[in-house]
Amino acid sequence: MSKVRFTPTFVQTKNVRSFETLMQGLMLARDSGLGDERLGCIWGRAGRGKTRTVQTWAARNGCPYIETVSVWTELDFLQKLCRELGIGHAPGRRGKCFELIAETMARLNRPIFIDEVERFGQKYLEIARDLVKVTSGVIVLIGEEELPVLMQQNRRVWSRTYRTLEFEPVSASDIMVYVDQCTGLKLNAEATGIMHAASGGDLRIVRRDTINLAHAVSSLHRTGEVDAELARVACKFGMKGRA
Amino acid sequence: MAHISFSRLVLDTANTLLISKDEVSADDIYKKLKIRSKNDRKRIVWILSDLTLAGRLTRLRQGNYGPGVQPKPDKHERMWRVLRMRHRIQVDDLIEMAGVSKDYAKQWLRLLVRRGIAVKQQEPGMKGTWCLIAEPAECPVDTDSAARLRKLRLQKKNRERSKEVKVA
């Protein structure tokens, strides 16, 4: 049997499909000019694949993406947004930055993604709301469990929110598809259950266990479906995920 | 100064002409770029065909083009965006997120290291990681490869021509 290799692949999990539906809905609403809801909210625990999904989508569709840094001031944030929008020289004043961003966003037919926005409380949410109000552009906010709560607290932000999407734990069927697409190996039901339990819904752990599984199959010269024993070997060395 | 490919020049010219009118003909582009020779005109026709296939321009009728649908980023730009988003990447990240081949990703990362835009960090026996250390405003373009490919195409063309002469 030839050596089994792990090929990094962007797998269409249930979360990815839900994300694409959200983006289609947001862009459709923008293009048709219906309603004022131009904010999207993506939230979920760490390790569910939010950032990776959004970054992949943004890279493939040429969308600006910003990951906030804890030491940033409002000006730093606006200047970074200017640079991401291709504004050559970002001004040194907040008002001027905002004006230039609004001008560019009005022309740009692409959503803007802002990651880890919840760590700044209401401050950046208000900026995002002002931008969508002025330009009718689309901004998608990404964060952990606190983000939808923060948005709901601010009625002006919440009334402009199109939809919130929770990135759910990775399901057993997602794991089967992931292993199949990345390695070409087929998992039986028991092996899937073992990998699912070991991952605790964390996509990073699924990825690590899939790499281990490819190594185990190659070194043990196994063929056919992956059974429970092999799945246990693959999950054994890693840290056990928590539900 | 950033390198501008000939196809980018044709696209920019078409887009400039499309600001003032709804459609642009191949003749308009020849005139604007002061193209007279038959070979150069042929080259532009091929480029226009490629741009239409890529969705950068729309073919309205024979020889007439309109504005294209909003273009999606090419492989270089996708890789550049992934690097800027993550700051530290491995070849696997580029394969998965930018949808490029392993060799292409490695070649592009080597270019970044040569230009001083990224540094490679690698422990013995481990996979290499590339860190972004400088952030130029524009996506770095591999002009060396383009020049090498042009040279190869020219060599191939010359070989074919010499074969034709021999047959004749």
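A salt bridge, as I use the term, is a side-chain nitrogen of Lys or Arg within 4 Å of a carboxyl oxygen of Asp or Glu. The side chains of A:Lys14 and A:Glu168 meet in such a salt bridge, with 3.0 Å from N to O. This pair links distant parts of the chain, 154 residues apart: A:Lys14 lies in helix α1 of chain A, and A:Glu168 in the loop between β5 (161-166) and α8 (172-183). Helices (H or I, at least four residues) and strands (E, at least two) are DSSP runs, numbered from the N terminus.

Please note that this is a predicted model, in which local features need pLDDT of at least 70 and side-chain atom pairs count only at pLDDT 80 or more, while totals for chains, interfaces and linings use all residues. Residues are numbered from 1 along each chain as its sequence is written, chains are lettered from A in the order in which they are written, and side-chain values use heavy atoms, with hydrogens and water left out.

How exposed are the two partners? A:Lys14 is partly exposed, at a relative accessible area of 42%, and A:Glu168 is also partly exposed, at 34%. Here buried means under 20% relative accessible area, exposed over 50%, and partly exposed in between (1.4 Å probe, protein chains only).

Within chain B, B:Arg81 forms a salt bridge with B:Glu77, the closest N and O atoms being 3.5 Å apart. The two are four residues apart in helix α4 of chain B, and therefore separated by about one helical turn. B:Arg81 is buried, at 17%, whereas B:Glu77 is partly exposed, at 29%.

I turn now to the interface. Contact (heavy atoms within 4.5 Å) involves 20 residues of chain A and 18 residues of chain B. Across this interface there are four salt bridges. One salt bridge joins A:Arg52 and B:Glu96, with the closest N and O atoms 3.2 Å apart. On the side of chain A that touches chain B, α2 (50-61), β2 (65-67) and α3 (74-84) each supply at least two residues. The largest share, seven residues, comes from α2(A).

Finally, the interior. A nonpolar core is a set of buried Ala, Val, Leu, Ile, Met, Phe, Trp, Tyr and Cys residues joined through side-chain atoms within 4.5 Å. The largest has 39 residues, and those with the most contacts inside it include A:Phe19, A:Ile42 and B:Trp108. A second, separate core of 31 residues includes A:Ile66 and A:Met151.
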